[in-house]
Amino acid sequence: MTLKLGFIGLGMMGLPMLENLAGAEAFRIHAYDRDPQRLDRLKTHPAWGRTLLPAASLADLAGCEVVITMLPNSTVTNAVIEGSPDAPGLAALLARGATLIDMGSSHPADTLRLAPLLHEAGITLIDAPVSGAVAKAASGTLAIMAGGAASDLERVRPILSRMGATTIHTGPVGSAHAMKALNNYVYAAGLLAASEAMLIAQGMDLDPAIFTQVLNASSGRNVATETKLAQFIVPRTFNGGFALALMAKDLRTADSLQQLAGVAAPQLSLCTTLWRQAQDTLPATSDNTEIYRYLETRHDAD
């Protein structure tokens with residue numbers, strides 16, 4: 001039986017995720033993005049025109065049993081779900097019994113607010129943000145965190161498995177978005193520490209390639225030293241595949257959880273501040289690895 005599925009958001013991550021999803025004949029997918037030009041790449045997909053179809057508006061997704069949103073922030077996601085008086089959102093368009101999977105990095109507070117609203121409309125909400133850059137989205141090997149009832153997750157697991165190698169049930173709705181933000185903080189802290197250490201090493205005329213080897217063979221090893229230094233920072237390509245602005249946004253989300261949890265985390269606040277300053281200083285299109293460039297400008301200004 002073919003499942004009618006909607007997919008909203010064809011950005012750097014969403015597009016390759018959808019391409020992997022469209023490889024399954026069991027899904028009839030309707031793809032939507034407010035920028036219709038983003039659908040152009042899909043026209044070369046083998047499923048285009050058969051089981052992968054364009055949607056001209058949100059209304060075209062009204063008959064979908066499952067809808068996935070992969071949008072940049074809660075503001076956009078909230079607007080798509082809640083709509084406006086003259087443009088109904090998914091909460092009004094989808095039929096009772098439908099499932100909505102929010103795979104963007106939304107704020108947990110918004111997720112917790114939307115869940116009962118959707119429940120009242122008979123729609124199940126699952127928050128399922130991802131970890132992994134564009135390369136893992138393209139290979140279908142993302143790590144997916146999923147919040148919601150276990151039975152709801154099992155129903156959509158075959159969908160998620162087309163986009164990720166690992167799906168972890170994090171608990172109730174909202175838990176996945178919280179864990180994603182905290183995960184990105186831990187990654188950002190590691191990238192910041194690695195960048196500061198590399199800047200000091202280069203200031204002492206130490207070989208950056210050898211220093212990277214030392215880090216990755218020693219206790220300083222983390223995902224940033226393993227996947228960002230030699231690949232993007234040392235050669236100064238700065239194209240790791242995740243926007244600095246999105247990292248700054250995720251850090252602000254994580255930072256706001258301090259008050260919710262009643263826990264003071266000064267290093268998190270410092271990390272958030274540094275990324276905000278970097279976002280204000282660097283071009284809007286900067287990659288997250290360009291935090292190193294920002295640290296360089298601070299050093300040069302001293």
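A cavity is here a set of points, on a 1 Å grid over the protein atoms alone, where a 1.4 Å probe fits but cannot get out, and lining residues have an atom within 4 Å of a point. Grid points are joined across faces, edges and corners, and a volume is the space filled by probe spheres set on the points. The structure holds one cavity of 30 Å³ or more.

Residues are numbered from 1 along each chain as its sequence is written, and side-chain values use heavy atoms, with hydrogens and water left out. Because the model is predicted, local features need pLDDT of at least 70 and side-chain atom pairs count only at pLDDT 80 or more, whereas totals for chains, interfaces and linings use all residues.

The lining of the largest cavity consists of Thr-77, Asn-78, Asp-102, Ser-106, Asp-110, Thr-111, Leu-114 and Leu-125. Helix H2 (74-82) and helix H4 (108-120) each contribute at least two of the lining residues, and H4 gives the largest share, three residues. Helices (H or I, at least four residues) and strands (E, at least two) are DSSP runs, numbered from the N terminus. By class, two lining residues are nonpolar, four polar and two charged; Ala, Val, Leu, Ile, Met, Phe, Trp, Tyr, Cys and Pro count as nonpolar, Asp, Glu, Lys and Arg as charged, and the others, Gly among them, as polar.

The UniProt record, an unreviewed entry, places the feature "domain: 6-phosphogluconate dehydrogenase NADP-binding" at residues 4-171; such annotations may be inferred rather than shown by experiment, and UniProt positions are given in the numbering used here, with feature names shortened. The span 4-171 is 30% helix and 27% strand, and its end C-alpha atoms lie 27 Å apart.

S1 pairs (at least two DSSP bridges) in the parallel sense with strand S2 (residues 27-32) over six bridges, and Tyr-32 of S2 is the bridge partner of Ile-8. Strand S4 (residues 66-69) also runs parallel to S1, joined by four bridges, with Ile-68 of S4 as the bridge partner of Phe-7.

Helix H1 (residues 14-21) forms, together with S1 and S2, a right-handed β-α-β unit; right-handed denotes a clockwise path from the first strand over the helix to the second, with the strands pointing away from the viewer. Seven of the eight residues of H1 are buried, so H1 is largely enclosed by the rest of the structure.

Notes. 1 Å grid on protein atoms, 1.4 Å probe; cavity = no way out; pocket = protein on both sides within 12 Å on 5 of 7 lines; lining within 4 Å. Buried < 20%, exposed > 50% of the residue type's maximum accessible area, 1.4 Å probe, protein only.
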